[in-house]
Structure formats: structure tokens, C-alpha cells
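Here is a protein model to look at together.

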Amino acid sequence: MNRVREALHATEIHRAGITGRGITAAVLDTGISRHPDYSERIVAFRDFVNGKPSCYDDASHGTHVAGILGGSGKSSGGKYCGIAPGCRIVSGKVLDSFGAGEVENLIRAIEWVIEQRDVYRIRILNISAGTTRTEEDRQARELLRCVERAWDGGLVVIVAAGNLGPDPESITIPGNCRKVITVGAFDHYSGCGPTSECICKPELVAPGTRIISCYSGFRRGVYYTRKSGTSMAAPAVAGAVALLLEQEPELTNVEVKMRLKEAAVDTGMPKNCQGWGMPDLRRLLLWHADGKRYI
């Protein structure tokens, strides 16, 4: 169990100089604030809800997610550092101040990320949002086709499993897409598989409950807050992917997915709750498959 708890601790990785530098991750969420832990690394922002031109986050959810993925911990003396504190961030606001949103806006945002992939050198797409619509719904089908296009275009697509578990078939859309990497949390609320097409989901799990990360109210002197959900688990895995791609930028998204599988630690949870398990950063980054050490 100690190994599981330590699997996503990145301090040793950062000391080795692996921080996700040169890798851009797109985060589709409630927006993003200019938090000092990553403000200088925000390279693009697009508001699909209200059409505002400048970065903002009226729910703080996207700011929190971005902090888990790429926060430097600057405002806490390094205490609340994200997984990939050197990565660049592209933000798309698709959810409103209540964390709700239209499927159409999420589709538009994914299409925008695909279009901007080469402009900002985007390698990772993190979606900590989902819908409970059935796959028979027209927009739900289009959303699934859209995330598949993002994957087929070469992006590593990371999607939260949703918080409707633990019953079978409780993964939200688009987390039920067979191609993307779906991430659950350790807790009973985490969405579980299999999907309606008998696909084992999620692929991975990560910590998701009472996670401390960046807060959009930092201008009032409060730099961090706690949030819970698979929304918090997904960016931890996205951060791990940024570290891996910094080290091996030639990897395809399929190869990244297989490397995550090889580096996963069994948490002892049922298969349809944990998938392959939790990524072990040491196994993922510090050692070759043949046992030769990277650093």
C-alpha cells in the first residue's frame, strides 16, 4: 500500500530535472485564472461560454485542475506543486460559474484544440467534464466522435470517469470512448465500467479526494483550496504524461497509453474500478522496460 501512496509523488522526478518542459497541455474546463503558480506558462485562452477575451475562472474548477497538472507551487514555497510544473497550458472555458455546460460548447472546444494543435504544440488534452446523456443522444454521439478525432489526430486525450459510481456502466460520456485514457479516483463515487459496449473502464486511477491545488481567489490572499472528484484525478495522469513526453517526445499517444499500462501499480480495487491501477512515476520515468535506469 505504501507503494501505491507514493506512486504519483513527483519530488524525485522534479529534482532530476523532469518537469514537463516543452510540452503543452490543453485543459477544457471552467476557464483559468492568472494564478502565479503557472500564469507565465498560459499560452492561449478561449472562452466558449461567454466569449470573453482574457483569462478568467468564475468557478475555480479549471484553475484547480490546471494546478494539479502544472502548478509550480510557487505560492506555497513548493508545498502544493503540480505533477508537471514546467509544462505550458492552453485553456478552453466550456463550463459556466456553476460547473455546468452545453455539450455543443465542449465539442467546439475540442475542435478548436485540434485546429490549434500545431500552433501551440499541444500534445495532451485534459477533459475533466462529462455528460450523463445516453449514447443514443445525437450530441453525445458527436462528442464521442469528436474525442476520437482528437485521439486519431495524435493527441493524448485524458478524460475523467465521472462521479456517478460505483455501479457498473457509470462512466460518463466521453470517458466511455474506447480510445481515450479514462481516469477514476480511489473513492466510492468514481465512475466504473464496463461500458455499455463491454469495454473495461477506467484505464487508470489517481487520488481525487480533498486535493489541494490552485484557487482563482488568490487576489484575495487565498492561493489554494481543496476539491474532490475524478476531475482532480485526471490532471494528475495528464501531468504524468507531460513528464513522459518531455523525456521521450517521439512517443505516439498509443505508445504513451501502453507505457502507462506497464507502469501501473495494482491498488487492490476491482478491475472495473481501477483498470490497470495507478501510474508509478518511478517506473514510468526512471527506468527503461529492460531495467536500465534513465537517471
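Exposed means a relative accessible area over 50%, buried means under 20%, and partly exposed lies in between. The model is a predicted one, and the values below are computed from it.

Q: Why is C198 called exposed?
A: The relative accessible area of C198 is 67%, and the label exposed applies over 50%, so C198 is exposed. This cysteine is found in the loop between β6 and β7, and its phi is positive, about 65°, although C198 is not a glycine.

Q: What makes R121 exposed?
A: With the cut-off for exposed at over 50%, the 53% relative accessible area of R121 qualifies, so R121 counts as exposed. R121 lies in the loop between α4 (103-120) and β4 (122-127). Its phi is near 55°, a positive value in a residue other than glycine.

Q: Why is C55 called buried?
A: Buried requires under 20%. C55 has a relative accessible area of 18%, so C55 is buried.

Q: Why does T225 count as partly exposed?
A: Its relative accessibility is 23%. Partly exposed covers the range between buried, under 20%, and exposed, over 50%, so T225 gets that label. T225 is found in strand β9 (residues 224-227). Leaving aside neighbours within four places in sequence, the contacts of T225 include H64, I211, I212 and Y215. The C-alpha atoms of T225 and I212 are 5.4 Å apart, although 13 residues separate the two along the chain.

Q: What makes α6 roughly perpendicular to α7?
A: The axes of α6 (residues 230-247) and α7 (residues 253-262) cross at roughly 110° and come within 11 Å. Angles of 65 to 115 degrees count as roughly perpendicular, so α6 is roughly perpendicular to α7. The crossing of the two helices is right-handed. In α6, V237, V241, L244 and L245 meet V256, R259 and L260 in α7. By class, this contact has six nonpolar, no polar and one charged residues.

Note on methods
Residues are numbered from 1 along each chain as its sequence is written. This is a predicted model: local features need pLDDT of at least 70, side-chain atom pairs count only at pLDDT 80 or more; totals for chains, interfaces and linings use all residues. Side-chain values use heavy atoms; hydrogens and water are left out. Axes are lines fitted to C-alpha atoms, for helices over the stretch in contact, and angles run from 0 to 180 degrees between N-to-C directions. Helices (H or I, at least four residues) and strands (E, at least two) are DSSP runs, numbered from the N terminus. Angles under 35 degrees count as roughly parallel, over 145 as roughly antiparallel, 65 to 115 as roughly perpendicular and the rest as oblique. A crossing is left-handed if the near helix is turned anticlockwise from the far one by less than a right angle, and right-handed if clockwise. Contact means heavy atoms within 4.5 Å. Ala, Val, Leu, Ile, Met, Phe, Trp, Tyr, Cys and Pro count as nonpolar, Asp, Glu, Lys and Arg as charged, and the others, Gly among them, as polar. Buried means under 20% relative accessible area, exposed over 50%, partly exposed in between (1.4 Å probe, protein chains only).
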